[in-house]
Amino acid sequence: MSAARTRLDVAAANLANGSTDGFRKSTLRGFLTAAGVQLRRGPDSSQGALRRTGRQFDLAIVGSGAFAVRTAGGHITATRNGGFVRDRFERLVDDAGRVLIGTRGPVCLPDGATIDANGAVIRNGAVLNHIALPAGSSVRSGFLESSNVDAIGEMIGVLTAQRSFETAQKVLSAIDQTRERASSQVAEIKA
C-alpha cells in the first residue's frame, strides 16, 4: 500500500507540472529488500520538446545540463526553464527574479548582443560572457523546452496506483477476516 501511495504521489506531481517549461518528470525504481518493496525516486533526463517562442531572451538547452541562476539571497540553483527577460541592468532574469549566471558572472545582454549555440554571449565579435554547458549540449535562442511529462502515461500511472492500493487494501481486509474467524473457531473448540 505504501508503494502504491508513493506511485500515486509521483504520478500526480508529474501531472501537476505537465505544462511547466523545463520540468523533468520523476520516475520510480522498485527494489525488493528484506524489509519489503523499496522505491527510489529520480529525475527522467529525457529531453522535452522544443517550442519556438520567437522571443530573443527565451533559451532552451539541447542535451544535458541546466542554467545556473542566482537568487536574491545569493544562492546558486539550476533550472531547465529558460524563460528569461532583460532587467533594467541588462541582466537576464527568470520569472522568479533569479539572475542567469555565466562563466564571467551575471549574463548581461546589451543591445546588439546575441547568444550563440555554444552559449557564448557575443557583441560586435567580442565574447562578453559564456553560459556553461556540458560537452555535447547547445543553446537555442528563441525557444523554450517543454516538460517531458507524458500526460496519458501519467494518467495510466495514477489509475494503476489506485487499483494497486485498492487491491492491497482488500487483501489486508481478507487477512483480518481470516484471523478473526480462526480465533473465534479456536474459542469454540475449547468450549
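The model is predicted. The chain holds two helices and 15 strands. Its radius of gyration is 25 Å, well over the 16 Å that the globule rule gives for 191 residues, so the chain is more spread out than a compact globule.

**Overall form**
- Along the principal axes, the C-alpha atoms fill a box of roughly 100 × 30 × 30 Å.
- Of the 191 residues, 29% count as buried.

**Aromatic pair**
- The count of aromatic pairs comes to one.
- Phe 67 and Phe 84 form this pair, with an edge-to-face arrangement, 5.4 Å centre to centre and 90° between the planes.
- The pair links distant parts of the chain, 17 residues apart: Phe 67 belongs to strand S5 (residues 67–70), while Phe 84 is in the loop between strand S6 (76–79) and strand S7 (85–86).
- Both Phe 67 and Phe 84 are buried.

**Charges over rings**
- Arg 40 places its charged end over the ring of Phe 31, 4.5 Å from the ring centre.
- Arg 140 lies over the face of Phe 143, and here the distance to the ring centre is 4.2 Å.

**Nonpolar surface patch**
- Met 1, Val 171, Leu 172 and Ile 175 make a nonpolar surface patch of about 320 Å².
- Leu 172, one of these residues, lies in helix H2, which spans residues 151–190.

Technical notes
Residues are numbered from 1 along each chain as its sequence is written. This is a predicted model: local features need pLDDT of at least 70, side-chain atom pairs count only at pLDDT 80 or more; totals for chains, interfaces and linings use all residues. Side-chain values use heavy atoms; hydrogens and water are left out. Patches are made of residues with over 30% relative accessible area and no salt bridge: like charges are joined within 9 Å, nonpolar side chains (Val, Leu, Ile, Met, Phe, Trp, Tyr) within 5 Å. Accessible areas come from the Shrake-Rupley method with a 1.4 Å probe; for residues, only the protein chains shown count as cover. A salt bridge is a side-chain nitrogen of Lys or Arg within 4 Å of a carboxyl oxygen of Asp or Glu. Helices (H or I, at least four residues) and strands (E, at least two) are DSSP runs, numbered from the N terminus. Rings of Phe, Tyr and Trp (its six-membered ring) pair if their centres lie within 6.5 Å; planes under 30 degrees apart count as stacked, over 60 as edge-to-face and the rest as tilted. Buried means under 20% relative accessible area, exposed over 50%, partly exposed in between (1.4 Å probe, protein chains only). A charge sits over a ring if NZ of Lys or CZ of Arg is within 6 Å of the ring centre and within 35 degrees of the ring normal. The radius of gyration is taken over C-alpha atoms; the globule rule is 2.2 Å times the number of residues to the power 0.38.
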